[in-house]
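Student: Let us go through this structure by question and answer. Please keep it short.

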Amino acid sequence: MRTKQAWAFAMAAVAALCTVAGPGAQDQKPVVKLPQPGVPEIATIEGAFVRAAYNNEGYVILGYKTANMSVGDEWMLLEIGTTLREGVPAYKLKRDAISLTTADGATIPLPTVSEYRDVDLRALEQRSKVSRDSINYFPPMASQACRIGFFSDVDSRAMAWDEVEVSYTRACLGRLYFRVPGGIKYGQHWLNVKFEKSLVRTPFRIFTKDEEKLVSKNYGDIRKQVKEAFKPPKKK
């Protein structure tokens, strides 16, 4: 955890469309347009394809580099990590509490294990092996390893589960798959995780090639803007 205060999360990234307008835009610093989740939450930025969001109850972090490389494909793979805020009672997170909102506004539930196993996703799995970013950024109290096992390969000894117990001492990690009718499109997406009492919506944007170059080139400035936008108020 890269922070000196237990309440401050070292999170990896908020989805943001970086836009610049007018002549000579390529030489200007991009201005971050923060997506609006519609629920109370906080996010900061630390990487190009890692996103995180949290509220007073839960914390969600995701990696989506593979998804950004899969535009046009019908299946999306996301790396996910989750835990609870310190002091929040343990809770069983079920698969039907997780959904994906796509760029066109459709909300998609997780597929069943049988639906996942009925398709050949070897190319997607192989792509993920060469394009993964670390999402191992958790609050300090979350130190116990925990598997999110909503899916498991046919040849894997690991079982697939319909729920996972999350607590503020557990750092739960796993993979999510979504079938996206019509294929993955560029634009703003949201990973929705419904905790016991609240909803956390983690934003991520599928970048065009030009957007990706812009973000990579101006990453430091973008991170600073997002950090300022979500700065906690000063205590009086």
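Student: Is arginine 95 buried or exposed?
Tutor: This is a predicted model, where local features need pLDDT of at least 70, side-chain atom pairs count only at pLDDT 80 or more, and totals for chains, interfaces and linings use all residues. Residues are numbered from 1 along each chain as its sequence is written, and side-chain values use heavy atoms, with hydrogens and water left out. Buried means under 20% relative accessible area, exposed over 50% and partly exposed in between (1.4 Å probe, protein chains only). Arginine 95 has a relative accessible area of 13%, so the residue is buried.

Student: Which side chain meets arginine 95 in a salt bridge?
Tutor: A salt bridge is a side-chain nitrogen of Lys or Arg within 4 Å of a carboxyl oxygen of Asp or Glu. Here the N to O distance is 3.5 Å, and the partner is aspartate 162.

Student: How many residues apart are aspartate 162 and arginine 95?
Tutor: Strands are DSSP runs of E, at least two residues, and helices are runs of H or I, at least four, numbered from the N terminus. Aspartate 162 sits in the loop between strand S9 (144-148) and strand S10 (163-166). Arginine 95 sits in the loop between strand S6 (91-94) and strand S7 (98-101). The pair links distant parts of the chain, 67 residues apart.

Student: What is the relative accessible area of glutamate 125?
Tutor: The side chain of glutamate 125 meets that of arginine 175 in a salt bridge, 2.6 Å from N to O. Arginine 175 lies in strand S11 (residues 170-179) and glutamate 125 in helix H3, so the bridge ties together parts 50 residues apart in sequence. Glutamate 125 is buried, at 15%.

Student: Which residues do salt bridges that share partners join into one network?
Tutor: By the same rule, the count comes to 9 salt bridges. Those that share partners join Glu79, Glu125, Arg132 and Arg175.

Student: What is the volume of the largest cavity?
Tutor: On a 1 Å grid over the protein atoms alone, a cavity is a set of points where a 1.4 Å probe fits but cannot get out. Grid points are joined across faces, edges and corners, and a volume is the space filled by probe spheres set on the points. The structure holds 2 cavities of 30 Å³ or more. The largest has a volume of about 60 Å³.

Student: Which helix and which strand each supply at least two residues of its lining?
Tutor: Lining residues have an atom within 4 Å of a point. For the largest cavity they include Lys65, Thr66, Leu77 and Glu79. The two elements are helix H1 (65-68) and strand S5 (75-84).

Terms used: On a 1 Å grid over the protein atoms alone, a cavity is a set of points where a 1.4 Å probe fits but cannot get out, and a pocket is an open set with protein on both sides within 12 Å along at least five of seven lines; lining residues have an atom within 4 Å of a point.
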